[in-house]
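Open the model in your viewer and get ready to select a few residues at a time. At each stop you will hear what to pick and what is there.

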Amino acid sequence: MKLLVPSIAALALSAASLSAGAALKPSDLFGEPARAPSAERAIITAVADRTITITDETKWVNVTRYEVVRFVSNGREFAWYFDGVDQPRPFDLTQIAPAGFVDHKVTVYVSPSERDFPGG
């Protein structure tokens with residue numbers, strides 16, 4: 001009986017952590033579309049830090065965490081604010097781009113920003 005209460009508590013915590021992880025979408029890990037959901041966010045997302053043009057020859061792009069990047073390809077564009085969790089490995093641009101934005105694999109490499117190393 002003494003082990004029953006800790007076992008139930010551990011099981012409840014495990015279930016809570018699993019359901020929290022299941023609520024995340026893949027794009028939550030990478031950041032969010034750069035559009036202002038509120039007035040205070042408008043300052044951050046109003047202007048892209050830079051523009052990257054994706055061509056048929058583009059195989060990879062380098063971005064920095066907390067950077068707002070405008071992607072352009074074949075007359076289409078979208079902007080992304082890379083404020084997601086720190087990326088341990090590269091990912092495919094199609095995971096964040098609108099459907100049909102790019103028709104080939106473009107790998108996105110996210111490097112840490114100076115904000116990731118406070119006091120350094």
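**Stop 1: a hairpin**

Select residues 68-73, strand β4, and residues 76-81, strand β5: the two run antiparallel and are joined by six bridges. Strands here are DSSP runs (E, at least two residues), numbered from the N terminus, and two strands pair if DSSP finds at least two bridges between them. Before going on, note that this is a predicted model, in which local features need pLDDT of at least 70 and side-chain atom pairs count only at pLDDT 80 or more, while totals for chains, interfaces and linings use all residues. Residues are numbered from 1 along each chain as its sequence is written, and side-chain values use heavy atoms, with hydrogens and water left out.

Now click on S73, and you will find R76 of β5 opposite. Two residues lie between β4 and β5 in this hairpin, and one in the turn, N74, has a positive phi of about 50 degrees.

**Stop 2: the aromatic rings**

Show the side chains of F71, F78, F82 and F101, which form one aromatic cluster. Rings of Phe, Tyr and Trp (its six-membered ring) pair if their centres lie within 6.5 Å; planes under 30 degrees apart count as stacked, over 60 as edge-to-face and the rest as tilted. How many aromatic pairs does this rule give? The count is three.

Look at F71 with F78: this pair is stacked, at 5.1 Å centre to centre and with 20 degrees between the planes. Next, turn to F78 and F101, an edge-to-face pair with 4.9 Å between centres and 90 degrees between planes. Because F78 lies in strand β5 and F101 in the loop between β6 and β7, this pair ties together parts that are 23 residues apart in sequence.

**Stop 3: an open sheet**

Select β3, β7 and β6: in that order, these three strands form an open sheet with mixed pairing. β3 (60-64) and β6 (91-92) are at the edges with a single partner strand each, so one side of each has no neighbour in the sheet. Strand β7 (residues 107-111) pairs with β6 in the antiparallel sense over two bridges.

Key: Helices (H or I, at least four residues) and strands (E, at least two) are DSSP runs, numbered from the N terminus.
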